[in-house]
Every structure is written in structure tokens, then in C-alpha cells.
Amino acid sequence: MSEHDWLAERFEANREHLRVVAYRILGSRVEAEDAVQEAWIRLSRSDADAIDNLGGWLTTVVGRICLDMLRTRRGRPEQTVGDHSPALTDDDVPDPELEAVQADSVGLALLVVLETLTPAERLAFVLHDMFAVPYDDIAPIVGKSSEAARQLASRARRRVQGTPEPAGADANRQKEIVEAFLAASRGGDFDALLELLDPDVVLRADETVVARGAGAMVRGAAAVAETFSGRAQAAVLTLVDGKAGAVWRLRGEPVVVFSFTVADGRIAGIELLGNPDYLRDVDLAPANG
């Protein structure tokens with residue numbers, strides 16, 4: 001057997017699983033087939049000997065392809081759910097796994113809910129909640145940290161399950177904490193920063209922000225306070241996907257988004273996000289009041 005035939009055989013062993021993954025994400029059999037075919041093209045051009053876990057590698061590749069397709073679709077708002085998400089009928093199920101998808105109630109109703117999510121939220125939710133893909137594997141697909149990927153899936157899960165976002169009082173409290181943090185940062189008030197930060201706070205920056213000179217990870221209240229003391233001068237309080245955060249803009253365009261995780265009245269995590277794909281998808285709104 002030639003190397004190409006051997007690789008094709010291994011790919012075929014994963015094809016049905018990949019089709020189901022793509023269908024779950026995209027809601028379209030046609031697009032799912034396109035995504036799987038593109039995955040084969042990418043595999044055939046790769047060094048297969050360097051791939052330790054082919055199934056995991058293919059799932060990741062299909063996830064990236066589907067994310068790109070969702071983002072392209074998002075740019076065509078005239079296309080409705082019905083245009084790209086035909087319901088399966090009993091006479092039109094091509095294989096047992098897709099039949100299982102239908103039996104598991106992945107119908108038009110769920111697809112309509114999934115359409116309300118951002119592409120990154122949809123991908124994180126489907127891969128983690130439906131296929132148990134670890135957040136560490138989802139993170140590089142969406143260009144974020146594992147914790148940010150977890151937040152994407154959690155936010156999507158609340159929408160899918162019909163659970164409301166955190167109560168207004170909690171949202172207002174988070175806004176106050178973030179606002180106080182930015183003020184202490186600008187004023188170089190080290191003690192105030194320590195009071196606002198959880199002792200085990202973690203500051204993470206994505207690759208784009210690291211390329212601008214930031215550290216990839218900083219742990220501990222003292223170290224994070226030192227990082228921000230006297231800085232964040234141009235950061236402006238804003239809503240990041242509906243939650244209090246901050247943004248640094250250059251000539252009106254967002255360059256870095258500051259995403260905060262607040263727990264028990266203190267900041268437990270800070271994400272510095274500058275990935276262009278993330279900035280394109282994130283919902284930024286003024287933090288009025």
C-alpha cells in the first residue's frame with residue numbers, strides 16, 4: 001500500500017465523525033461535506049508522520065475550517081437559517097451517525113438558537129459540550145486562552161439553555177470593580193490595585209499582544225499590580241460581549257481588548273486580546289451610566 005493510500009484509509013476511518021462534527025457546527029450537510037473535503041486536502045498536504053493523534057488533529061482542522069465558514073456566513077446577513085440549514089428527513093439520512101444527530105433533536109429549533117451565537121461561541125459550545133474537546137484544544141482554534149474559550153462555551157450554554165446572563169446587580173458590581181481597577185492603574189495606586197486583585201489572579205495575553213511587548217502570563221496580585229501600575233492610560237471602560245471590560249483604540253479602531261473575570265468581589269483573571277479575528281467578532285459597546 002502506498003503512503004497516499006494509507007493516509008486516505010486513515011482519513012476515511014475518521015470521515016463520518018468529522019461530518020457529524022461539521023454538521024453540528026454548521027447546520028448544513030452541504031457545508032459540512034465541503035469542510036470535511038477541505039480537511040482531507042489539508043491533510044494530504046501535511047507531514048502525516050509528524051501528527052501524533054490524527055483524529056484530534058482532524059477535528060481541530062475541521063473546527064478551524066468551520067469557524068472560517070461561519071465568519072464568512074456572518075458577513076451575508078441576508079442568508080437565513082433555512083437557506084443553509086435544511087432539516088433532515090427520514091428518507092434523506094445519508095448514514096447512521098447523521099441519523100443519530102437527527103434523533104438527538106439537532107433540528108431547526110436548536111439551529112435557530114445557535115445562529116444567535118458568535119462564530120467563536122458556537123464553535124466552543126459544540127466542540128466542548130457535544131464532543132468533549134478540551135478547552136486547551138479549542139483555545140488555539142479561536143485564538144484565545146483556555147479560560148477565554150471556557151467563557152465562550154459557558155456564555156453559549158446559557159443562551160442555548162435559556163438561562164439569563166448574570167443579574168444586573170452583579171453586572172453593575174463588576175463594572176464598578178473594573179472602573180476602579182482602571183483608575184488605580186492610571187494613578188499608579190499600587191495598594192488599591194492589590195485590594196482589587198485576587199491573590200491568585202492570572203494575567204494572560206494572546207500572541208498578538210505579546211508581539212507588542214506584553215508578557216504572555218503573569219501570576220499573583222503583586223506581579224499583576226506591578227504590571228498595571230501607572231499604565232492603562234489609554235484604556236477606556238467598555239462592555240465586552242455584554243460584560244464590563246476595557247478597550248484600547250488606535251485611530252478609532254480597537255487594538256487590545258481587556259477582558260476581566262471577577263469572582264467574590266475581586267479580579268481573578270485578565271485577558272489581553274488583540275487577535276484580529278477576535279476583534280472582528282467581539283461585541284464592544286459603551287459602558288453608560
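This is a predicted model: local features need pLDDT of at least 70, side-chain atom pairs count only at pLDDT 80 or more; totals for chains, interfaces and linings use all residues.
**Entry 1: the overall picture**

I began with the whole chain. I counted 14 helices and seven strands in the protein. I then looked up burial, and buried residues make up 44% of the 289 residues.

**Entry 2**

Next I turned to helix packing. Two packed helices are described by the angle between their axes and the distance between the axes, so I noted both for each pair.

I took helix 7, residues 119-131, with helix 8, residues 135-142. Their axes come within 10 Å and cross at roughly 155°. Angles over 145 degrees count as roughly antiparallel, and helix 7 and helix 8 are therefore roughly antiparallel to each other. I also checked the hand, and helix 7 passes helix 8 in a right-handed crossing.

Which residues make the contact between helix 7 and helix 8? On the helix 7 side I listed Ala-120, Leu-123, Ala-124, Leu-127 and His-128. Helix 8 brings Tyr-135, Ile-138, Ile-141 and Val-142. Sorted by class, this contact has eight nonpolar residues, one polar residue and no charged ones.

**Entry 2: helix 1 against helix 7**

Helix 7 has another entry, this time with helix 1. Here the axes lie 9 Å apart and the packing angle is about 135°. That angle makes helix 1 and helix 7 oblique to each other. The crossing of helix 1 past helix 7 is right-handed.

From helix 1 I wrote down His-17, Val-20, Val-21, Arg-24, Ile-25 and Leu-26. They meet Arg-122, Leu-123, Val-126, Leu-127, Met-130 and Phe-131 in helix 7. The class count for this contact is nine nonpolar, one polar and two charged residues.

A note to myself on helix 7: Leu-123 and Leu-127 are among the residues that meet helix 1, and Leu-123 and Leu-127 are also listed in the contact with helix 8.

**Entry 3: salt bridges**

How many salt bridges are there? The count comes to nine. I followed up several of them.

In helix 1, residues 3-26, I looked at Glu-12 and Arg-15, which are three residues apart and so separated by about one helical turn. Their side chains meet in a salt bridge at 2.9 Å, N to O.

Glu-38 is partly exposed at 28% relative accessible area, and Arg-42 is partly exposed at 31%.

In helix 10, residues 168-187, Arg-173 and Glu-176 are three residues apart, about one helical turn. These two form a salt bridge whose closest N and O atoms are 3.4 Å apart. I found Arg-173 partly exposed at 43% and Glu-176 partly exposed at 46%. I also noted a network: salt bridges that share partners join Glu-16, Arg-19 and Glu-33.

**Entry 4: Gln-151**

I picked out Gln-151, which lies in helix 9, residues 146-161. Is Gln-151 buried or exposed? Its relative accessibility is 16%, and residues under 20% count as buried, so Gln-151 is buried. Leaving aside residues up to four places away in sequence, Gln-151 touches Ser-259 and Thr-261.

**Entry 5: Thr-118**

My last stop was Thr-118, in the loop between helix 6, residues 108-114, and helix 7. At 11% relative accessibility, Thr-118 counts as buried. How far apart are Thr-118 and Asp-283 in sequence and in space? They are 165 residues apart in sequence, and their C-alpha atoms are 9.1 Å apart in space.

Note on methods
Residues are numbered from 1 along each chain as its sequence is written. Side-chain values use heavy atoms; hydrogens and water are left out. Axes are lines fitted to C-alpha atoms, for helices over the stretch in contact, and angles run from 0 to 180 degrees between N-to-C directions. Helices (H or I, at least four residues) and strands (E, at least two) are DSSP runs, numbered from the N terminus. Angles under 35 degrees count as roughly parallel, over 145 as roughly antiparallel, 65 to 115 as roughly perpendicular and the rest as oblique. A crossing is left-handed if the near helix is turned anticlockwise from the far one by less than a right angle, and right-handed if clockwise. Contact means heavy atoms within 4.5 Å. Ala, Val, Leu, Ile, Met, Phe, Trp, Tyr, Cys and Pro count as nonpolar, Asp, Glu, Lys and Arg as charged, and the others, Gly among them, as polar. A salt bridge is a side-chain nitrogen of Lys or Arg within 4 Å of a carboxyl oxygen of Asp or Glu. Buried means under 20% relative accessible area, exposed over 50%, partly exposed in between (1.4 Å probe, protein chains only).
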